[in-house]
Amino acid sequence: MRHGLIQWRENELSLADVKARQARLQQAIAAAGLDGVLIYTNHVRSAGVTWVSGFTPYWSDGLVLVLREGLPIFLTALSKRVGEWVKSVAPTFEVAHSPFPGKLAGERLARVGAKRLGVVELDRMPGGVVDEILSILPVELSDVTDLFTAVRGQADRAELDLVRHTDTIAREAFKAGDVASKSAGDFTGPVERAVRLAGAEECYVAVAPDLSRDRRFIRTGRAELGRTFAVRLSVAYNGVWVRRVDTFSSVSEIGARLSSVSAALDRASPAHPVDGSISAFYLPDGARLLDWHIEAPYGTRPLKVVADAETPLAAPVPYAILTTAFSLDGETIVASRPVGLGDISLREAAE
Amino acid sequence: MIGEIRKKRLVEAMLEAGLDGLVLYGNAWQNDYLRYAADFGILEGEGLAVVTRDGDVTLYLDDELEGERAAVECPEVKTVIADDLVGTVSGVVARLGNSRIAAGPKRHLPYGLAARRGDLRFEDATALVDRLLMVKSADELNAVRSAARLADEGYAVFRNAAAAGKKDYELIAEIESFFRNEGVDDNFMIIGVGGPEVRGMAPPLGKVLKPGDLVTTELTPCVNGYYVQICRTLVIGEPNEAQRKVFGIYNDALEAGLAVVRPGVTAADIARAENDIFRAHGLGEYVTSEYTRVRGHGLGLFPDTKPHILEDVTTVIEEGMSLIVHPNTYNPEIGYFVHGDSLIVRADGPEILTKTPRELFSVGVRRAAA
């Protein structure tokens, strides 16, 4: 459940920023000959609606209906009392309530004489919602995940600035962790506290407790920490998700080397291109790459693996998180950083 | 192992219902069905568990990182990472042929899964699984009891952190840090800060606590998958007369609700007992859906499971259920107010789980300056 700070911050993501996104989607809707697009949201599959409205539900679910013209409509079974909260944190759409939001969508579509409705991730839409829509209006449904991905793949300045800010929250929060901690929870408790004190909307922590044995991440706070361990922070801030992994050691010489590697990655990552590859110059001298993957916002997913050594990047993404595992001086190191945050004006010109 | 016990109950229920297979959906918001079968606490993406009548469980996850975690955290369950979750599981179901397969929860089942099943259709597994979720085994109830201790300790942390000048989200930071230290992986929590203008709880809005404010919260830590909730209200500074008077009404309503709990009564009976107290004080309007959602609810692998405690819910309360009774609602004099305790239904009545005193807590304003 999302329970960090959620508020509308006009200085970070303005109404104009969101309206520009809505306009781009509406142009694509018209160009595709559709009457509208429907996007599902809950706090796990929030990214599509967050991008088009700035809103993330803290629990329960809802739909956003984007018609060719006018304000998008947030359709929800949440009560009108919660609706007041929704409006206070997202003044970007109309909020409509019904115990059956699918029926309400059908009614709104009928009102504009809709015949063709695109649905982002149609296969994943809760079946009951689709049944409700069709019970009101026998509209033709089609999957528009590719259309949405193409529109959403274009970065905007507000989003990239938020990615940088969120990564800074994570980087600073790691300073609160005590590398001499005995258990994972002892290290991650103060780190999560720091993330939330910085105003994060959500924070998930996972730990690879002993990299000499296993570099897979788990959530249990009871795990005993080994000589080197990695911590994964997944931080949401104002609708943007960033993952940051750093590797730590209680042995001071190793810890100092790890800090130096981390700082070098911080310098190299923002400008690293998001083209589905990893540059030979990205890792420190002498490092041997073990594994890598790239995550990015995709459809309704805040972050999803979109490329790795075997799978090329299929579509442009607005930004990405590059995770690498490599060995250096006999130690296994895991690191994640946002990439593709280079000069926005250059990216806009290229696009 | 609790996961094995649940799986055994699930398969027994399937056999009793004559089912050959079950398909159970889950995500981090509504994970109870999936976790019942696969014992995995999913956090990102979505999952489907396929259970066959011989007790074989396969967990399909669309998120690679979650797949990696599942392989470590629940190695006894076969995990498959499937980017095309619906397509993959549809293929598995198709190979089961023309057998009786049920799926749930009905409301969340992906459209593509049902569409590809076509005329064969899924039977609705919702009632079958809901019953297992509501009436728990002895081992499950022990897990619930463990979570209750942390709910009480968590509220003590919350109370100690509350002070004038602090921001609402800073309280959440203290709680979450405490829970991570204690190995609690999840917590459902909402908060309200202020006076008569506050009509409910939500995630923090960045409000600064000031003298006279009511600070309401629901804390719901999750231990080994099981949630327990506590609802309390505190005042920054000394409570005023109206706040004391209203607290008395909510405390009476909570005690009235708890007094009714025993096997054989209905959820409606509990709600009615709570609401009658409000009606006796001329506050009947404030127990309607315009001002409040439920008067309590079930607890377990989901923080807001069935039965919902409402005057129109006729679900019979049974031994082995775990519930929270909470007469939370808006009060026109002082604002939204919460007060509730979790319990296990035993043959002789409720076993109250949360031990935090039923008080209107006062947080000294002077502590704030410190």
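Colleague: What covers the buried residues of α6(B)?

Modeller: This is a predicted model. In it, the cover over those residues includes α1, β1 (21-27), α2, β5 (101-104), β6 (123-124) and β12 (322-325) of chain B.

Colleague: Which residues of α6(B) are buried?

Modeller: They are B:Thr126, B:Leu128, B:Val129, B:Asp130, B:Leu132, B:Leu133 and B:Met134. That makes seven of the nine residues in α6(B), so the helix is largely enclosed by the rest of the structure.

Colleague: B:Asp130 is on that list. What does its side chain meet in a salt bridge?

Modeller: The side chain of B:Lys306, at 2.4 Å from N to O.

Colleague: Let me step back to the whole chain. Where are the domains of chain B?

Modeller: Domain 1 of chain B covers 2-133, and domain 2 of chain B covers 138-369. Their C-alpha centres lie 32 Å apart.

Colleague: And how many residues does the contact take from each?

Modeller: Domain 1 of chain B gives 13 residues and domain 2 of chain B gives 11 residues.

Colleague: How much area do the two bury between them?

Modeller: About 1100 Å², with 52% of it on carbon and sulfur atoms.

Colleague: Which three residues supply more than any other three on the domain 1 side?

Modeller: B:Ile2, B:Asp32 and B:Arg35. Together they supply 37% of the area that domain 1 of chain B buries against domain 2 of chain B.

Colleague: How many salt bridges are there between the domains?

Modeller: Three salt bridges are counted between domain 1 of chain B and domain 2 of chain B. Across that interface there are also four residue pairs in polar contact, both residues being at pLDDT 80 or more.

Colleague: Which elements give two or more residues to the domain 1 side?

Modeller: In chain B, those are α1 (2-17), α2 (32-38) and α6 (126-134). The residues on the side of domain 1 of chain B that touches domain 2 of chain B divide into five nonpolar, two polar and six charged.

Colleague: Changing topic to chain A. Where is A:Val112 found?

Modeller: A:Val112 sits in the loop between α4 (101-111) and β5 (116-119) of chain A.

Colleague: What is its relative accessible area?

Modeller: For A:Val112 the value is 49%, so this residue is classed as partly exposed.

Colleague: How many residues apart along the chain are A:Val112 and A:Asp35?

Modeller: They are 77 residues apart along the chain, while their C-alpha atoms are separated by 8.4 Å.

Methods:
Residues numbered from 1 in each chain as written. Chains lettered and ligands numbered in written order. Predicted model: local features only at pLDDT ≥ 70, side-chain atom pairs only at ≥ 80, totals over all residues. Heavy atoms only, no water. Domains from an automatic or database assignment. Contact = heavy atoms within 4.5 Å. Buried area = accessible area lost by both parts, 1.4 Å probe. Salt bridge = Lys/Arg side-chain N within 4 Å of Asp/Glu carboxyl O. Polar contact = N/O pair within 3.5 Å; in protein donor to acceptor, adjacent residues only side chain to side chain. Helix = DSSP H or I, 4+ residues; strand = E, 2+ residues; numbered from the N terminus. Nonpolar A, V, L, I, M, F, W, Y, C, P; charged D, E, K, R; others polar. Buried < 20%, exposed > 50% of the residue type's maximum accessible area, 1.4 Å probe, protein only.
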